[in-house]
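Subject: A structure for you to explore

Hi there,

Here is the structure I promised to pass on to you. Have it open while you read, and my notes on what turned up in it follow just below.

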Amino acid sequence: MRRNLLALPAAAVAAALLLAGCGGSSGSPDGSSGPAADPGPETGTITFTGTDNAETYQPVIKAFEAKNPGIKVTYTQIPFDQFNATMQQRLSAKDAGIDVYTVDEPRVSQLAAKGFLVDLSDLDGRVKGSVSEAAYKTNRFRDKLWSLPMWNSTQFLFYNKTALAKAKVTPPTANPEQRWTWEQVEAAGRKAMQAGGTKYGLFMEQPEAYYQLQPLAESLGGGSGIEGDDALTPAVETDGWKKAMKWYGATFASGLSPRGIGGFQTGPVFANGDVAFFVGGPWDLKIFGSSKVDWGVAPLPYFEGGKPVTPTGSWSLGINPASKQQGMARKFVEFAALDPAGNLATTSTTTIIPANLEAQKQYTPQMDGFSGAKTAGAAAITTYESEHTAVSRPVSVGYIQFEEVMGKAFADIRNGANPDARLQEATRQLTEAWKSIK
């Protein structure tokens, strides 16, 4: 499963970054431009570091090298669960062996604050006109642009047609304007269980991840969970957060959703026909294609009386300030992110969505055919969500701590902890963790 494309949270990695704090380093942690770096040689070999298999980036590297004779790109993969900690060490040491690297968008602000990213503000206008507003904003910090959006994402509601038919439930439509509510999903899921069609009614692919659970609170007007001018004030005890987490905890307590299943074990629950509804990403459009289950896709639900909200964002590309080859590095990140052909090439071996809007126009029509008739409607859903419902994860120098604390809170709520008390504890933990940053 290719969920590393989304840079899912990893508590151990986040803890390593916590120890580093937000002290200054090379670059411009205060947001100022600083002296212009030497662009270095015009030809040679640059290094590109990320978490995905080398095969993922071979098409864009090949296309870039063909367009830029004299420049070669060498890709190095670091396993996802080691990536952030390894990059923290190497960037802190001003390791010039990294020229370009993939950047998890919610971490842009902290990486910029530490001086680990080159200021790319001269490209601001081009980026603003090339990507969605959400992608543009999440790559900016203190009024400057620090990385270029490479990929985007959204979420779908996958449903088991056979299980719903057995329960005499009409499946949800693929029309975003007529999306179901979570209340409808819950009721239909219970009917499917009662009819003997599935073991479970509903399951999230990332049951303890902020990326996938943020829309629950946001749909009820609870906000992102972070507020304040410095984005370092926890706000996870709003009415929306409390209502969302009570509902979420109850799905596990009642047996609607399963406990004890996580990581890469979640997808097979749907692929094996054990759940009526499954919330997953665009990568699943192909992964589930080999399943014997007859399934379809619908837009992500929202709460009755609330508003539709969907997650977005993925990896961006940044340049290491310690690089001695920044001129060539800039050419590569501009090609891979801002050139529609280059950006499209980054997705040719994956089912992740290109961030460049022109590349998206060419890519999304293909989504309807990823798994034949089963994926009908996926393209229209993707386009609609990007334009109307997508909400980025919050931009904060304290996001890494936030993601770690909330991931543990979600796990506890899933396993029976009182939601109000657990959110109160999360507030205390975040307030304490952020004292060293303010």
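Let's begin at isoleucine 98, which is found in the loop that links helix 3 (80-92) to strand 3 (100-104). Please keep in mind throughout that this is a predicted model. Is isoleucine 98 buried or exposed? With a relative accessible area of 0%, isoleucine 98 is buried. Setting aside the neighbours within four places in sequence, its contacts are Thr47, Thr49, Met87, Arg90, Asn320 and Ser323. Take threonine 49 from that list: in sequence, isoleucine 98 and threonine 49 are 49 residues apart, yet their C-alpha atoms are 6.8 Å apart in space.

**Aromatic rings**

How many aromatic pairs does a search of the whole structure find? The search gives 28 of them. One is formed by phenylalanine 64 and phenylalanine 332: the ring centres are 5.2 Å apart and the planes meet at 85 degrees, so this pair is edge-to-face. The angle decides the label here because planes over 60 degrees apart count as edge-to-face. Phenylalanine 64 belongs to helix 2 (residues 54-67) and phenylalanine 332 to helix 13 (residues 326-338), so the pair ties together parts that lie 268 residues apart in sequence.

Phenylalanine 64 is buried at a relative accessible area of 0%, and phenylalanine 332 is buried at 1%. The two rings are also members of one aromatic cluster, made up of Phe48, Tyr57, Phe64, Tyr75, Trp151, Phe332 and Phe335.

Another ring to look at is that of phenylalanine 370. The charged end of lysine 286 sits over this ring, 4.8 Å from its centre.

**Helix 13**

Since phenylalanine 332 has brought us to helix 13, let's stay there for a moment. Ten of its 13 residues are buried, so helix 13 is largely enclosed by the rest of the structure. The buried ones are Gln326, Met328, Ala329, Phe332, Val333, Glu334, Phe335, Ala336, Ala337 and Leu338.

Next, find the open sheet of four strands, which has the order 9-12-8-13 and mixed pairing. Which strands stand at the edges? They are strand 9 (200-204) and strand 13 (295-299); each has a single partner strand, so one side of each is left without a neighbour in the sheet. On average, neighbouring strands here are turned by 20 degrees against each other, ignoring direction.

- Strand 9 and strand 12 (residues 275-280) run parallel and are joined by four bridges. Methionine 204 has valine 279 in strand 12 as its bridge partner.
- Strand 8 and strand 12 run antiparallel, again with four bridges. Here phenylalanine 156 has glycine 280 in strand 12 as its bridge partner.
- Strand 8 and strand 13 run antiparallel and are joined by five bridges. Phenylalanine 158 stands opposite valine 297 in strand 13.

How covered is strand 12? Strand 12 is mostly covered, with six of its six residues buried. Five of the five residues of strand 13 are buried too, so strand 13 is largely enclosed by the rest of the structure. Helix 16 (residues 378-388) lies across strand 8 (156-160) and strand 13, and runs at about 20 degrees to strand 13.

**Helix 10**

The last stop is helix 10 (residues 239-253). At 1.5 Å a residue, its 15 residues should span 21 Å, and the end C-alpha atoms are 21 Å apart, which agrees. The buried residues of helix 10 are Gly240, Trp241, Ala244, Met245, Trp247, Tyr248, Gly249, Thr251 and Phe252. What covers them? The cover includes helix 8 (182-194), strand 9, helix 9 (210-219), helix 17 (399-414) and helix 18 (419-433). After helix 10 comes glycine 255, with a positive phi near 90 degrees.

Enjoy looking around, and write back with any questions.

Best wishes

Technical notes: Residues numbered from 1 in each chain as written. Predicted model: local features only at pLDDT ≥ 70, side-chain atom pairs only at ≥ 80, totals over all residues. Heavy atoms only, no water. Phe/Tyr/Trp six-rings, centres within 6.5 Å; stacked < 30°, edge-to-face > 60°. Helix = DSSP H or I, 4+ residues; strand = E, 2+ residues; numbered from the N terminus. Buried < 20%, exposed > 50% of the residue type's maximum accessible area, 1.4 Å probe, protein only. Lys NZ or Arg CZ within 6 Å of the ring centre and 35° of its normal. Contact = heavy atoms within 4.5 Å. Pairing = 2+ DSSP bridges. Axes fitted to C-alpha atoms, helices over the stretch in contact; angles between N-to-C directions. Expected span 1.5 Å × (residues − 1).
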